[in-house]
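Q: Hey, I've just opened this one and I'm new to it. Can you walk me through it?

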Amino acid sequence: MSEIVRIPIIKLRDVLIVSIQVSLSDAVVVQLKDDITNKIEHSEARGLVIDVSGIDLMDSYISRAIRDIGLVARLMGVRTVISGLDPMIAMTLVDMGLELKGVRTALDLESALDILRLRLTGGGSDDEAERSSEP
Amino acid sequence: MNPIEQRVLSALGRYMSKILARSVLGLAVECTALDLRMLSTSGKRRLVEEISRGVRLYVVGEARQNDCLSALNEAIEGPRGAAAPQVRGIDTAVTVPVIVENDIVTARTTGRDLCRQLGFSPAGQIKVATAISELARNIIQYAGHGTIVLASLEASRPGVEIVASDDGPGIADLDHVLGGSYVSKHGMGIGLKGVRKLMDECDIRSSSGAGTVVTARKFLT
């Protein structure tokens, strides 16, 4: 079997940035989960952005996996924002009745970083900011 | 006059007199009791067979007979599909074996490409690809292996058809899975329900121990 593609995790000050630009197979998703939790453990990161603008589609498995990563990160004290959800994918998720419940979403990477900066400097409470993805 | 009637008469008219052509067609319609306004694929075949008899009777010479028969075929079937026998209602079909986890990606990419070729909107392409992904994942997770057949549907109602089949353990309680309360270990309990919502038609056949066949269709319009 070919080696699993690893998605790079970039650290920018106290934020980890993960940009998914490949078609996600289940193995890649599992690897990503491990890599992110490892990185969180060994870095001083306080925020995590998962940018999904390059993703081809999100089915129930992938969206659950991404949501889980966000929830695990939160338990580890890292705030997570998912950014760049394609409008067509967002519509598909809504059609299927899937929501990324419990995870903050943002239009693009830039606004995700803005949200994190605001939260990390103390503005905005965690609960108030949570919403599910909508087109 | 109905278009098929018109095309058949003009095709036959090149090889026999107009009155003869009319009586050959009239007799064929009478014998087969077909309604020319709505012909099924098998109806068309029967009509061609019936008229062919008249052609062999009244057209002289084998070469001319063959020419006449192919003109007849074209008149009834339309310019393309005259020669190639087709699976009913299906133009092309691709079979994707689903054996390893990576085949999920192959299946959905193939499906998306097919939808793009068929002229589905980007949103439609994503919906079909997502449905394929769910079905392929179910095969891997519950049955271990199976196949996904992707086919384009014929011109009368263009669209795409997904047939996901396996001979795995089957679904013991389909109503429970499709009902609101079911939550699987892996996804969000939304796989099959999601497929039903994403596609226009979805037929699930399964019973405990007998495998599962899911047929789902989405139409262009």
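Q: Let's start with Ala33(B): buried or exposed?
A: Ala33(B) counts as exposed, at 68% relative accessibility. Buried means under 20% relative accessible area, exposed over 50%, and partly exposed in between, with a 1.4 Å probe and protein chains only.

Q: And where is Ala33(B)?
A: In chain B, Ala33(B) is placed in the loop between α2 and α3. Its phi is near 55°, a positive value in a residue other than glycine. By the way, this is a predicted model, where local features need pLDDT of at least 70, side-chain atom pairs count only at pLDDT 80 or more, and totals for chains, interfaces and linings use all residues. Residues are numbered from 1 along each chain as its sequence is written, chains are lettered from A and ligands numbered from 1 in the order in which they are written, and side-chain values use heavy atoms, with hydrogens and water left out.

Q: What about phi of Arg13(A)?
A: Phi of Arg13(A) is near 50°, again positive in a residue other than glycine. Arg13(A) sits in the loop of chain A between β1 (9-12) and β2 (15-19). With a relative accessible area of 75%, Arg13(A) is exposed.

Q: Back to chain B. At what angle do α2 and α3 pack?
A: Helix α2 (residues 18-32) and helix α3 (residues 41-58) of chain B pack at about 140°, and their axes are 9 Å apart. Axes here are lines fitted to C-alpha atoms, for helices over the stretch in contact, and angles run from 0 to 180 degrees between N-to-C directions. That angle makes α2(B) oblique to α3(B). Under 35 degrees counts as roughly parallel, over 145 as roughly antiparallel, 65 to 115 as roughly perpendicular, and the rest as oblique.

Q: Which residues of α2(B) and α3(B) make the contact?
A: From α2(B), they include Leu20(B), Val24(B) and Ala28(B), and from α3(B), they include Arg46(B), Leu47(B) and Ile51(B). Contact means heavy atoms within 4.5 Å. The residues of this contact divide into nine nonpolar, two polar and two charged. For those classes, Ala, Val, Leu, Ile, Met, Phe, Trp, Tyr, Cys and Pro count as nonpolar, Asp, Glu, Lys and Arg as charged, and the others, Gly among them, as polar.

Q: How exposed is Leu20(B)?
A: Leu20(B) counts as partly exposed, at 25% relative accessibility. Leu20(B) and Leu9(B) are eleven residues apart in sequence, and their C-alpha atoms are 9.6 Å apart in space.

Q: How many helices and strands does chain B have?
A: Chain B has eight helices and five strands. Helices (H or I, at least four residues) and strands (E, at least two) are DSSP runs, numbered from the N terminus. Of the 221 residues of chain B, 46% count as buried.

Q: And how many in chain A?
A: Chain A has five helices and five strands. From the N terminus on, its elements run β-β-α-β-α-β-α-β-α-α. Out of 135 residues in chain A, 50% count as buried.

Q: Which residues touch the most other members of the largest nonpolar core?
A: That core has 66 residues, and Ile20(A), Leu48(A), Ile55(A), Met58(A), Ile66(A), Ile148(B) and Ile162(B) touch the most other members. A nonpolar core is a set of buried Ala, Val, Leu, Ile, Met, Phe, Trp, Tyr and Cys residues joined through side-chain atoms within 4.5 Å. Helix α6 (residues 122-143) of chain B gives the largest share of this core, eight residues. There's also a second, separate core of 25 residues, including Leu9(B) and Ala28(B).

Q: What does Ile55(A) touch?
A: Not counting residues up to four places away in sequence, Ile55(A) touches Ile20(A), Val22(A), Leu24(A), Ile62(A), Ile66(A) and Ile89(A).

Q: One more: is Leu120(A) buried or exposed?
A: Leu120(A) is buried, with a relative accessible area of 14%. Leu120(A) lies in helix α4 (residues 109-120) of chain A. Leaving aside neighbours within four places in sequence, Leu120(A) is in contact with Asp14(A), Val15(A), Arg46(A) and Arg79(A). Leu120(A) and Arg46(A) are 74 residues apart along the chain, with 7.5 Å between their C-alpha atoms.
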